[in-house]
Amino acid sequence: MTIRVTHTHGEDITVTAGGTEILRYVYRPDPDPFESRKPYAHPVRTLSGRTVTGYRPNDHRWHKGLQMTASHLSGQNFWGGNSYVHGEGYLPLPERVGSMRHDGFADFTVEDDRLAVTENLTWIENGGEEWAREVRGLTVHSVDEEAGSWALDWSIRLTNTRSEPLAFGSPTTAGREMAGYTGLQWRGPRDFTGGTVFAPDTDAAKLMGTQGPWLAFTTEHDDVDGHSTLVFAHAPENLDATSPIHESHWFVRSEPFPTVAFSWAFFEEFELPPGESFGYRYRIVVADGAWDRDRVGTHLEGLPW
């Protein structure tokens, strides 16, 4: 299926397929610094037009579709909103909230059935000091009308530009059990609440804090007669034990609100020395219908990295 890409310079990128806007990537700054100003993807939709991302829900205003985050980074909060402090809970500490600045696109390639973007960003702590340089890749591909699905690849390569290590953690590494959220995060809309979550060999009740190549989240929408499925998948090297990057675990909830994060510091902190880099690659498949394990597995096998 042919895609159509519109770039409103300085604001956002939209991708349309078959008359449906399936992705809007917003890279202009958000108005509220407490929500951690940074780019995000919202709305994300299936080919039939079902919205599968949430935006500024009343429980967590800083949750915005699909976005790169770091909940605990050397004392700063690049997640947004309240910061977790052990023994005190979640506190409004605006002086800890950092931001990610869009610095431009190094590549912007549009083909009939594919969009590939390379974005340069700078991570800035609350006082204005530049802490890290990020090269982000976004690729829309595999738009398949017959399957009712399309895929978004999201990659990150982050380099420490400080003179001291960057320490990556999470609320769990700070003392809160099983709250290890950080990294690339998805927030679903209300009708994903209570949805079905599964992985190749694990059901929802046992998924929090586990590892695996992919995780799927399916729901039946309100208002319309239809289901949607999202599949979150790691590139093979993300889970390679010999890889120099830190191992990842799933942070996932379907209640009280729907969210998934590819957490890179769920149980343990790790440090990125000055001048050094790490990288991850992820894939999100957006599909109409209620897919099961077999269909997810077969589809992913047909989408080589």
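Here is a short chat about a few residues in this predicted model.

Student: Before we start, what are the ground rules for this model?

Tutor: It's a predicted model, where local features need pLDDT of at least 70, side-chain atom pairs count only at pLDDT 80 or more, and totals for chains, interfaces and linings use all residues. Residues are numbered from 1 along each chain as its sequence is written, and side-chain values use heavy atoms, with hydrogens and water left out.

Student: Okay, is His 249 buried or exposed?

Tutor: His 249 sits in strand S18, residues 249-253 (strands are DSSP runs of E, at least two residues, numbered from the N terminus). Buried means under 20% relative accessible area, exposed over 50% and partly exposed in between, using a 1.4 Å probe and protein chains only. His 249 has a relative accessible area of 10%, so the label is buried.

Student: Where is Pro 256, which has a cis peptide bond with Glu 255?

Tutor: Most peptide bonds are trans. The one joining Glu 255 and Pro 256 is cis, with omega about 5°. Pro 256 lies in the loop between S18 and strand S19 (259-263).

Student: What is omega for the cis peptide bond that joins His 42 and Pro 43?

Tutor: Pro 43 is placed in strand S4, residues 40-44. The cis bond joining His 42 and Pro 43 has an omega of about -5°.

Student: What's the phi of Ser 36?

Tutor: Most residues other than glycine have a negative phi. Ser 36 is in the loop between strand S3 (20-26) and S4, and is buried at 1% relative accessible area. Ser 36 isn't a glycine, but its phi is positive, about 65°.

Student: How accessible is Met 178?

Tutor: Met 178 is in the loop between strand S13 (166-169) and strand S14 (184-187). Its phi is also positive, near 50°. Met 178 counts as partly exposed, with a relative accessibility of 36%.

Conventions. Helices (H or I, at least four residues) and strands (E, at least two) are DSSP runs, numbered from the N terminus.
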